[in-house]
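Here's a quick briefing to read with the model open on your screen.

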Amino acid sequence: MSDGTGISGVRQIAVSVSDLDAALTFYRDTLGLTFLFAAEPSLAFLAAGDVRLMLTAATDEHPAGTSSVVYFSVADVDTAYDTVLARGGTSERGPRLTARMPDHELWIAFVRDPDRNLIGLMEERRPGEPQ
């Protein structure tokens with residue numbers, strides 16, 4: 001809950017891409033996100049749980065490959081990482097333990113999209129849960 005602004009969470013993330021078709025193929029087919037709709041010729045929208053991902057054609061003001069890191073929550077980081085690589089994704093870093101919290105461990109792997117935007121695959125492993 002926000003402190004007076006009404007902000008309650010992230011609804012949409014925009015990623016600038018140089019080739020909308022290649023990016024759509026990566027996010028839909030390689031990562032497995034659900035395609036929602038396209039607003040031709042320069043926008044495509046996908047669902048990642050409750051968050052929309054907006055792929056937008058790069059401009060001089062927003063060049064491709066310069067976005068913030070997008071982290072996707074996954075149930076099993078090892079399986080997700082292997083699946084993305086098997087589907088043609090590019091590895092940046094394999095799954096690693098990033099932090100130990102009181103109630104879980106944070107595991108993250110990184111891949112790159114066709115414009116070299118960094119994509120995080122993040123699992124919160126809880127004690128006693130199967131991996």
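This is a predicted model: local features need pLDDT of at least 70, side-chain atom pairs count only at pLDDT 80 or more; totals for chains, interfaces and linings use all residues.

Residues are numbered from 1 along each chain as its sequence is written, and side-chain values use heavy atoms, with hydrogens and water left out.

**Overall layout**

- The protein has two helices and eight strands, where helices (H or I, at least four residues) and strands (E, at least two) are DSSP runs numbered from the N terminus.
- Reading from the N terminus, the order of elements is β-α-β-β-β-β-α-β-β-β.
- Along the principal axes, the C-alpha atoms fill a box of roughly 50 × 45 × 25 Å.
- There are 131 residues, and 34% of them count as buried; buried means under 20% relative accessible area, exposed means over 50%, and partly exposed is in between (1.4 Å probe, protein chains only).
- Take the contacts (heavy atoms within 4.5 Å) with a separation of 6 or more: residues 24 or more positions apart account for 50% of them.

**Surface and charge**

- The protein carries 11 positive and 19 negative charges, and their mean positions are 4 Å apart.
- For that tally, Lys and Arg count as positive and Asp and Glu as negative, while His and the chain ends are not counted.
- Each charge is placed at NZ of Lys, CZ of Arg, CG of Asp or CD of Glu.

**Aromatic rings**

- Rings of Phe, Tyr and Trp (its six-membered ring) pair if their centres lie within 6.5 Å; planes under 30 degrees apart count as stacked, over 60 as edge-to-face and the rest as tilted.
- By this rule there are three aromatic pairs.
- One of them joins Phe-26 and Tyr-27: the ring centres are 5.1 Å apart and the planes meet at 85 degrees, so the pair is edge-to-face.
- Phe-26 is buried at 6% relative accessible area, and Tyr-27 is buried at 1%.
- Phe-37 and Phe-45 make a stacked pair, with 4.4 Å from centre to centre and 20 degrees between the planes.
- Phe-37 is partly exposed at 38% relative accessibility, whereas Phe-45 is buried at 8%.
- What sits over the ring of Trp-107? The charged end of Arg-125 does, 3.9 Å from the ring centre; the test is NZ of Lys or CZ of Arg within 6 Å of the ring centre and within 35 degrees of the ring normal.

**The loop between S7 and S8**

- Arg-116 lies in the loop between strand S7 (105–112) and strand S8 (118–125).
- The phi of Arg-116 is near 75 degrees, a positive value in a residue other than glycine, and Arg-116 is partly exposed at 47%.
- Asp-115 is found in that loop too, but Asp-115 is buried at 15%.
- Beyond its neighbours within four places in sequence, Asp-115 is in contact with Ser-16, Val-17, Ser-18, Asp-19, Ala-64 and Gly-65.
- Asp-115 and Ala-22 are 93 residues apart in sequence, yet 9.1 Å apart in space, C-alpha to C-alpha.

**Thr-56 in strand S4**

- Thr-56 belongs to strand S4 (residues 51–57) and is buried at 18%.
- Not counting residues up to four places away in sequence, Thr-56 touches Val-15, Ser-16, Val-17, Ser-42 and Leu-43.
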